[in-house]
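Subject: Handover of a structural model

Dear colleague,

Please find below the structure that I am handing over to you. My notes on what was found in it follow directly after.

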Amino acid sequence: MGYLVGNPVTGDRIDERSKVPFAHGFGIISGQLYEMILGHCQGQDYKNPTNMLCAKALGTFNNLLSEVMWPHVLLIKCVYSSAGPHAETDDSAGAARKILSEEPGIKVGKRLKHPPVRPPLDCIVSEHHAYTYTLYVFRFHWTDPVMRTRWIIQDYAHYLSYFWANDERTRDALGIKDGTVDEWVRCQDGGVPYTRDIASSIKYHRNVTANGYRALVYSGDHDSVVPHLGTQAWVRSLGFPIAHDWRAWHLNGQSAGFTITYSNNMTFATVKGGGHTAPEYEPERCFAMFSRWILNQPL
């Protein structure tokens, strides 16, 4: 028995602090700013610093980090497809409602109250995805029309998920009763009706694995939302001896990431080219990783 977590938020300060060395490693911030943050932000809450020099340095850091796409720092910066307070007034969203109003099962006005902004064409097919996936399709699946066209809508899925989930046919298939849940939105911005009363989940990982449960913790190595450096740090902080030291794991004769295993049966792995979350950007590598782990095989 066991569990796996990918690109996991812990709620601990380590999640936020790890963004600084991650950004420095990718050349997003300068060495001078990196050293300034380390020097002035010792013991500070990075979200609410009380030291003025630290606050100024972190302000510069946040401005620089905003220039890249947080879920995957190498891809073009795109619209975040979630419902916002004024999303319903966007022209593209209005056009989408007009088109979708002709579809049976979609009740415009009743259900579609906060549609996300439609991504521009450049975000539907990013240069990275188009290039890498086209090479993959040409090599292995060119005779499959589904595989030939899959990359065209890959980055559009977040946008379309809103309309799919609010379709009456989808709701019927999922058994959602009228009057229980009205509109579905992909990401709630501050409107989720629960209270966060767990400051950090790290101790729970320690307790569960100490009781014999296997664990796979993985991170996309291009994710700046929950950087792999922070995840690796809290895994190491559990204090269990190393069973198998840091090494590459492979797929099709090439490194697909790097991994380390501890004596508490916890495996940490990075997924090369993965973002937030890793399977969305590197499904083949993540499937291979999961398949080996679930069969209790080395990655």
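Does lysine 19 count as buried or exposed, and on what relative accessibility does that rest? Lysine 19 counts as buried, because its relative accessibility is 16% and the limit for a buried residue is under 20%. Please bear in mind that this, like everything below, is read from a predicted model.

Salt bridges

The search of the whole structure returned 3 salt bridges. Lysine 19 takes part in one of them: its partner is glutamate 16, and the closest N and O atoms are 3.5 Å apart. Glutamate 16 is partly exposed, since its relative accessible area is 22%.

Another salt bridge joins the side chains of aspartate 167 and arginine 169, with an N to O distance of 2.7 Å. Aspartate 167 has 7% relative accessibility and therefore counts as buried. Arginine 169, with a relative accessible area of 45%, is partly exposed.

Glutamate 282 and arginine 285 also form a salt bridge, their closest N and O atoms lying 3.7 Å apart. Glutamate 282 is buried, as its relative accessible area is 15%, whereas arginine 285 counts as partly exposed at 22%.

Helix α10

Helix α10 covers residues 168-174 and includes threonine 170. Threonine 170 counts as buried because its relative accessibility is 9%. Leaving aside residues up to four places away in sequence, threonine 170 touches Trp164 and Ala165.

In soluble globular proteins, nonpolar side chains tend to be buried together. In this model, the largest nonpolar core has 16 residues, and Ile28, Ile29, Ile37 and Phe61 have the most contacts inside it. Two or more residues of this core come from each of α2 (19-25), α3 (31-40) and α4 (52-65). Helix α4 gives the largest share, 5 residues. Isoleucine 37 touches Val20, Tyr46, Ala57, Leu58 and Phe61, again not counting residues up to four places away in sequence. Apart from this core lies another, of 13 residues, and Tyr218, Leu251, Ala288 and Leu299 are among them.

Strands and hairpins

Strand β3 (residues 242-251) pairs with strand β4 (residues 254-262) in the antiparallel sense, over 7 bridges. Within this pairing, histidine 250 stands opposite serine 255 in β4, and alanine 248 has phenylalanine 258 as its bridge partner in β4. The hairpin of β3 and β4 has 2 residues between the strands.

Asparagine 252 belongs to the loop between β3 and β4. Although asparagine 252 is not a glycine, its phi is positive, at about 55°. With 61% relative accessibility, asparagine 252 counts as exposed.

Strand β4 also pairs with strand β5 (residues 266-271), in the antiparallel sense and over 3 bridges. Here threonine 259 stands opposite alanine 269 in β5. The hairpin of β4 and β5 has 3 residues between the strands, and asparagine 265 takes a positive phi near 65° in this hairpin.

A cis peptide bond

Which peptide bond is cis, with omega near 5°? The bond in question runs from histidine 276 to threonine 277. Threonine 277 is found in the loop between β5 and α13 (278-281).

The segment after α14

Leucine 295 is found in the segment after α14 (283-294). Leucine 295 is exposed, because its relative accessible area is 57%. Together with Leu4, Phe290 and Ile294, Leu295 forms a nonpolar patch on the surface, with about 350 Å² of accessible area in total.

Asparagine 296 is also placed in the segment after α14. Phi of asparagine 296 is near 60°, a positive value in a residue other than glycine. Asparagine 296 is exposed, given its relative accessible area of 58%.

With kind regards

Conventions. Residues are numbered from 1 along each chain as its sequence is written. This is a predicted model: local features need pLDDT of at least 70, side-chain atom pairs count only at pLDDT 80 or more; totals for chains, interfaces and linings use all residues. Side-chain values use heavy atoms; hydrogens and water are left out. Helices (H or I, at least four residues) and strands (E, at least two) are DSSP runs, numbered from the N terminus. Buried means under 20% relative accessible area, exposed over 50%, partly exposed in between (1.4 Å probe, protein chains only). Contact means heavy atoms within 4.5 Å. A nonpolar core is a set of buried Ala, Val, Leu, Ile, Met, Phe, Trp, Tyr and Cys residues joined through side-chain atoms within 4.5 Å. Two strands pair if DSSP finds at least two bridges between them. A salt bridge is a side-chain nitrogen of Lys or Arg within 4 Å of a carboxyl oxygen of Asp or Glu. Patches are made of residues with over 30% relative accessible area and no salt bridge: like charges are joined within 9 Å, nonpolar side chains (Val, Leu, Ile, Met, Phe, Trp, Tyr) within 5 Å. Accessible areas come from the Shrake-Rupley method with a 1.4 Å probe; for residues, only the protein chains shown count as cover.
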